[in-house]
Amino acid sequence: MSTSAHNSPRPWKHIERRKTKTVNVGDVLVGGDAPISVQSMTNTPTADAKATIEQIRTIEEAGADIVRVSCPDEESTAALKEIVRASKIPVIADIHFHYKRAIESAEAGAACLRINPGNIGSEERVREVIKAAKDHNCSMRIGVNAGSLDKHLLEKYGEPCPEAMVESALEHVKILEDNDFTNLKISVKSSDTFLCIAAYRALSKACDYPLHIGVTEAGGLRTGTVKSAIGLGMLLSEGIGDTLRVSLSAEPAEEVRVGFEILKALGIRNRGVSIVSCPTCARRNYDVIGTVEALEKRLAHITTPLSLSVIGCVVNGPGEAMMTDIGVTGGGKGTHQIYLDGEAAYRLQDEDIVEHLVKLVEKKAAEIEATKAK
Ligand code: SF4
């Protein structure tokens, strides 16, 4: 679990990442050996540039690499230029059907277009969109959704199924390839976890384009987090997925936090403090739950990867502390053991545990950053 102090080879933790091409979304690389990027999407009216930029700030602060905005009308693409200029992270324009919105978005500086070329209409329109994308260094994401599969595929397969979703994706890919455009990534999302996983597995065998993974419309914060963790967790553990979005009926910044937690749980990408804490029982020697709740809030500003164990008693405290950068284990009579770099360091007597740990974490984060800068 430790992220900076006690790294040793652990073959049972190894994930063999599937080899994919690399595409660019602005200055963020997706696929190949690039870190798996975390995305979210704004839910403000895009035409309201001020509100959208404000929401992008919260998404950036949560650590997102990329943000997507819907561009359903001309007012939205008109606001996009200002939004792109203000955003610190690349902006993807989400387009459905309207080829002119795609061209306007590319001209406004979108780093990527989420569009399905098979839905644009005539070949001439497809060519115009591709030309705009090439002229403005825009990549594209083909986004197949089980809930909106093409009619001919539903007729062929009878219902949404992995084969139909992959066939749909490859049909859209072919249109782009026939027009000499390969700067693309693909998603095959479903709100059904099993269908989603099966579709991505099949797609990853069928092509080597980078995959944007996500369980779509996963639900509210709690249910959506669990569903996404299962769906994305299974795919990522098989090496599938180059960029991800957790889809929640919640604040976009929550999607980003959950996305990072999924990556952290698999040891794929670390950001901020990973807290290991026990559920507590009658043996606990202090308020572990309250301490962890307070720490999660107080340490949200730390972006340096490091680990912290907050354990109620000696049953598991020393063992967890050995594997974390900083640890506290509850002891009797208000005396708690502090561990640094896996070693017992000193005892804390009647001091505010939260305040003490916040200071220790901030100091450790500063040390790690200083070492990196050397
Ligand atoms: Fe209970 Fe101690 Fe285990 Fe925490 S570490 S759950 S306090 S036995």
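Is Cys281 buried, exposed or partly exposed? At 41% relative accessibility, Cys281 counts as partly exposed, where buried means under 20% relative accessible area, exposed over 50%, and partly exposed in between, computed with a 1.4 Å probe on protein chains only. The structure is a predicted model, in which local features need pLDDT of at least 70 and side-chain atom pairs count only at pLDDT 80 or more, while totals for chains, interfaces and linings use all residues. Residues are numbered from 1 along each chain as its sequence is written, and side-chain values use heavy atoms, with hydrogens and water left out.

The protein chain is divided into domain 1 (3-265) and domain 2 (273-373); these bounds come from an automatic or database domain assignment. The centres of the two domains, taken over C-alpha atoms, are separated by 37 Å.

The description now turns to the open sheet. Helices (H or I, at least four residues) and strands (E, at least two) are DSSP runs, numbered from the N terminus, and two strands pair if DSSP finds at least two bridges between them. Eight strands form an open sheet in the order S8-S7-S6-S5-S4-S3-S10-S9, with parallel pairing. Its edge strands are S8 (184-189) and S9 (212-213), each of which pairs on one side only.

S3 pairs with strand S10 (residues 243-245) in the parallel sense over three bridges. Within this pairing, Ser37 stands opposite Thr243, and Leu244 is the bridge partner of Val38. Three bridges also join S3 to strand S4 (residues 66-70), again in a parallel arrangement, and here Ser40 stands opposite Val67. Between S3 and S4 the chain passes through helix H1 (residues 49-61), and this β-α-β crossover is right-handed. A crossover is given that name if, with the strands pointing away from the viewer, the path from the first strand over the helix to the second runs clockwise.

From S4 the path continues to strand S5. Four bridges join S4 to S5, which run parallel, and Ile92 in S5 is the bridge partner of Arg68. Helix H2 (residues 74-86) carries the chain from S4 to S5 in a right-handed β-α-β crossover. In S5 (residues 91-94), Val91 and Ala93 point one way and Ile92 and Asp94 the other way, and all are buried. S5 is in turn joined by three bridges to strand S6 (residues 112-114), with which it runs parallel. Together with helix H3 (residues 99-108), S5 and S6 make a right-handed β-α-β unit.

In S6, Cys112 stands opposite Ile92. Cys112 is buried, with a relative accessible area of 0%. A search of the whole structure finds zero disulfides, a disulfide being a pair of cysteine sulfur atoms within 2.5 Å. For Cys112, the nearest cysteine sulfur is that of Cys138, 6.8 Å away.

Which residues surround the ligand? The shell consists of Cys278, Thr280, Cys281, Arg283, Arg284, Ile311, Gly312, Cys313, Val315 and Asn316, where a residue is near a molecule or strand if one of its heavy atoms lies within 4 Å of it. These residues divide into five nonpolar, three polar and two charged. In this scheme Ala, Val, Leu, Ile, Met, Phe, Trp, Tyr, Cys and Pro count as nonpolar, Asp, Glu, Lys and Arg as charged, and the others, Gly among them, as polar.

Thr280, one of the residues around the ligand, lies in the loop between strand S11 (273-277) and helix H10 (288-298). At 23% relative accessibility, Thr280 counts as partly exposed. Its backbone deserves attention: Thr280 has a positive phi of about 75 degrees although it is not a glycine. Most residues other than glycine have a negative phi. Lys333 likewise has a positive phi, near 55 degrees, in a residue other than glycine. Lys333 is found in the loop between strand S13 (326-329) and strand S14 (335-340), and is exposed, with a relative accessible area of 81%.
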